Amino acid sequence: MSISRSAAIRTAVGLGTALCVATVTACGGGSSKAGSSSDGKVEGTIKFQTWNLRANFKDYFEGVIADFEKEHPGAKVKWVDQPADGYPDKLSADASAGSLPDVVNLSPDLAYPLAKAGLLLNLDKDEVAKKYKPEYLEGAWKGFEMPGMDGTYSFPWYLNSGPLFYNRTMFEKAGVDAGQPPRTFDELFAVAEQLAKKGEATLGQPPTVEDFGRYGVEAMDKEGKRITLNSDKGVELLTKFKKLYDDGGLHKQTLTLKDDSTGTKFLQQEIAMNPGSAHDLDNFKKNAPSLYENIGITEVPTNTGKQNMYLQGLSVNSQSENTATAVAFAHFLTNAKNQEAFGHQVAVFPSTKGSLDKEYWTKADGTEEGKIRVASAKMLPTAVNYTPVLFSDEMKTILRNEIAKCFTGKSSPKAALDSAADQMNKLLEQN
């Protein structure tokens, strides 16, 4: 039940291709060059880099930069924006050349190799930066902790999550109380069993790494050395999903459906539950009015009491010649005022404490966007990032392939997860 990224802004939140640490360090990116002190005067010119944001948010960023420079007359911010395609490669090239921007927009997976190479400022160890920690949601700050390293390496910036849609009519026909959607995995499997008895599928996707996390499975050890999805609890979850598949609780095409395809199956009322966004809700209203009139919105089931978050951050180059200015600007852009202003322009959410308590995120305004905004914002204050920073796209493919073998009877749940963990651990050993 992975949540698709918002169509309003193209990022790689929680996803993306990790940079090669070996490449970064071998080419000199991991040098011991010391940056300036963060407790110095906020002055001089810094380079600030974003990720495919200029086209839609030029006025916003230029306004924030102007406000910062007005507050700090001796400081100048040079803003550059890189296209989405090839962003990891651009970061790798800059790191290797020693030209990484002073402040750079990163997701956790992209931050990891740079932090490991010593190129990012450890905010928990910096005397100035660590003072700002109480301003951010705990889960967001922890989202930029790196396995095997002590500290956080990015100021949390914008977050995202999403609700789960469910078909009230399909629930009611199966004798399920549509006013009480499942909140835990046990409740989910119970509902799916009832629907399956009526010949209806509940979900369109096999479990993802986020589902394992919400079930209470640790995907990786804290040192980032071993994959642990094949724990007893992990096997327990896959065993339940295997039964769900056998009983018809998963769509008959679940092993070939992609994330965007499950949305179509939900629209066609072939599955009863599916994650989505305000864009999907508007689509249902226009193209499937009978579904729209009977749609329910709830949280994704979780056994931990915490939802999954996708997040972006602003990291500071540890070798910056103007560290004080870089830290000050990264904090300024991610403070409550500026994050809330950004959240009013695009369907993302601020990572600052108290922001999500504001009326904009607690009271629906009658629009489709408002319904989803309120539902999503409710989840984020306690949400965490269940996808380890080292869990690559290749690992996600391995997991899906081994689950497919399990579902089709070619291996047991334990054998499938043992095989997946073994393959993933070999990838980790190559880093």
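1. Let me start with charge pairs: the count comes to 21 salt bridges, where a salt bridge is a side-chain nitrogen of Lys or Arg within 4 Å of a carboxyl oxygen of Asp or Glu. Side chains of opposite charge can pair when their charged atoms come close. Please keep in mind that this is a predicted model, in which local features need pLDDT of at least 70 and side-chain atom pairs count only at pLDDT 80 or more, while totals for chains, interfaces and linings use all residues. Residues are numbered from 1 along each chain as its sequence is written, and side-chain values use heavy atoms, with hydrogens and water left out.

2. Lys76 is partly exposed, with 47% relative accessibility, whereas Glu69 is buried at 18%. For these words, buried means under 20% relative accessible area, exposed over 50%, and partly exposed in between (1.4 Å probe, protein chains only).

3. Another salt bridge joins Lys125 to Asp150, with 3.0 Å between the closest N and O atoms. This pair links distant parts of the chain, 25 residues apart: Lys125 sits in the loop between helix H4 (108–116) and helix H5 (138–142), and Asp150 in the loop between H5 and strand E4 (155–160). Both Lys125 and Asp150 are exposed. The helix and strand labels are DSSP runs numbered from the N terminus (helices H or I, at least four residues; strands E, at least two).

4. What separates Asp282 and Lys286 along helix H11 (residues 278–287)? They are four residues apart, which means about one helical turn. Their salt bridge has its closest N and O atoms 3.2 Å apart. Asp282 is partly exposed, with a relative accessible area of 27%, and Lys286 is exposed at 62%. Elsewhere, salt bridges that share partners join Lys285, Glu368 and Lys371 into one network.

5. Leaving aside its neighbours within four places in sequence, Phe241 is in contact (heavy atoms within 4.5 Å) with Phe185, Phe189, Leu203, Gln205, Pro207, Leu250 and Phe407. Phe241 also takes part in the contact between helices H7 and H9, made by Phe185, Asp186, Phe189, Ala192 and Ala196 of H7 and Leu237, Lys240, Phe241, Leu244 and Asp247 of H9.

6. How do those two helices run? The axes of H7 (residues 185–197) and H9 (residues 232–247) come within 10 Å and cross at roughly 15°, and the two are therefore roughly parallel to each other. Axes are lines fitted to C-alpha atoms, for helices over the stretch in contact, with angles from 0 to 180 degrees between N-to-C directions. Angles under 35 degrees count as roughly parallel, over 145 as roughly antiparallel, 65 to 115 as roughly perpendicular and the rest as oblique.

7. With H13 (residues 323–333), H2 packs at an angle of about 130°, the axes being 11 Å apart, so H2 is oblique to H13. With H14 (residues 336–343), the axes come within 11 Å and cross at roughly 170°, so H2 is roughly antiparallel to H14. Tyr60, Phe61 and Val64 are among the H2 residues that meet H13, and they are also among those that meet H14.

8. Eight of the ten residues of H16 (residues 368–377) are buried, so H16 is largely enclosed by the rest of the structure. Its buried residues, including Glu368 and Arg373, pack against strand E5 (164–167), H11, helix H12 (289–292), strand E7 (295–298) and helix H15 (359–362). H4 is mostly covered, with eight of its nine residues buried, including Asp109 and Tyr112. Just after H4, Gly118 takes a positive phi of about 80°.
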